[in-house]
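Dear colleague,

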Amino acid sequence: MISVFKRKQQGQQTVSKSMMIKQKRYEALVYALHGDLFRYAFWLCHDRQVAEDLVQETFLRAWKALDSLKEEKAAKAWLITILRRENARRFERKQFDLVDIETTAVPDRKAPGLEQNMENEWLRRHIAELAPEYREPLLLQVIGGFSGEEIAGILDLNKNTVMTRLFRARNQLREAIEQDKTARGRCNG
């Protein structure tokens, strides 16, 4: 009888030890990546509360599937993928009133002045005008800090396709800058 009790105690200690390890691993993930996930979620939905909910749901799903994460280096891409799927689920469940993105401005509270605000707004507007297949890889690279290979994994694309799309997105932005400079030159005489 005593030996059965000892075996149960040892089994419980092993379970609680592995649970503590899992919890510490999870807390490290949350601490390291919550800011990046929130920024990406905010860019996707343009609503602070919805972005917070998306990040919370992402971390909840991550907790449930944490044992499936084999490489710590892949954690950011793994979490971004979960977040993108959570965002897609949001549209499956409920239809939201749509707002034209061109008329919606995302305030930048850290911009030093009016000129910087105008440049930021110009850049946001032109990025929003890019086709989705060019816009999403560019945002993942610029905002998320992902490499071409990581973006390819997140978007389920070939790396060369991602690199081509990034190149074309940058070229389209560069052309927009040149057109803007030309238009300013004509207006100024």
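I begin with Asp156, which is exposed, its relative accessible area being 64%. Please note that the model is a predicted one. Asp156 sits in the loop between H6 and H7 and comes after the end of H6. Its phi is near 55°, a positive value in a residue other than glycine. Most residues other than glycine have a negative phi.

A second residue of this kind is His46, which has a positive phi of about 60° although it is not a glycine. His46 belongs to the loop between H1 and H2. With a relative accessible area of 29%, His46 is partly exposed, because that value falls between the limits of 20% for buried and 50% for exposed.

Overall architecture

The protein chain contains seven helices and zero strands, so that the order of elements from the N terminus reads α-α-α-α-α-α-α. Of its 189 residues, 28% count as buried. The chain exposes about 13500 Å², and carbon and sulfur atoms supply 53% of that area. Among contacts with a separation of 6 or more, residues 24 or more positions apart account for 62%.

The nonpolar core

The largest nonpolar core has 37 residues, of which Leu29, Trp78, Leu79 and Leu140 touch the most other members. At least two residues of this core come from each of helix H1 (2-45), helix H2 (48-64), helix H3 (75-93), helix H5 (132-142), H6 and helix H7 (159-187). Domain 1 (33-97) and domain 2 (130-188) each contribute at least three residues to this core.

Leu140 deserves a separate word. Leaving aside neighbours within four places in sequence, Leu140 is in contact with Tyr40, Ile80, Gly145, Phe146, Ile151, Ile154 and Leu155.

Helix H6

Which residues of H6 are buried? They are Gly148, Ile151, Ala152, Ile154 and Leu155. These residues cover an arc of only 165° around the axis, and therefore lie on the same side of H6. An α-helix has 3.6 residues a turn, so residues three or four places apart point the same way. Among the buried residues of H6, Ile151, Ile154 and Leu155 are also contacts of Leu140.

Glu150 is likewise placed in H6, which spans residues 148-155. Glu150 is partly exposed, at a relative accessible area of 32%. The C-alpha atoms of Glu150 and Ala74 are separated by 8.3 Å, although the two residues are 76 apart along the chain.

Helix H4

Helix H4 (residues 114-129) has 16 residues. From its first C-alpha to its last, H4 reaches 22 Å, close to the 22 Å expected at 1.5 Å a residue. Its buried residues are Asn120, Trp122, His126, Ile127 and Ala128.

Apart from neighbours within four places in sequence, His126 is in contact with Leu173 and Ala176.

With kind regards

Key: Residues are numbered from 1 along each chain as its sequence is written. This is a predicted model: local features need pLDDT of at least 70, side-chain atom pairs count only at pLDDT 80 or more; totals for chains, interfaces and linings use all residues. Side-chain values use heavy atoms; hydrogens and water are left out. Helices (H or I, at least four residues) and strands (E, at least two) are DSSP runs, numbered from the N terminus. Buried means under 20% relative accessible area, exposed over 50%, partly exposed in between (1.4 Å probe, protein chains only). The expected span of a helix is 1.5 Å times one less than its number of residues. The arc is that of the directions from the helix axis to the C-beta atoms. Contact means heavy atoms within 4.5 Å. Accessible areas come from the Shrake-Rupley method with a 1.4 Å probe; for residues, only the protein chains shown count as cover. A nonpolar core is a set of buried Ala, Val, Leu, Ile, Met, Phe, Trp, Tyr and Cys residues joined through side-chain atoms within 4.5 Å. Domain bounds come from an automatic or database domain assignment.
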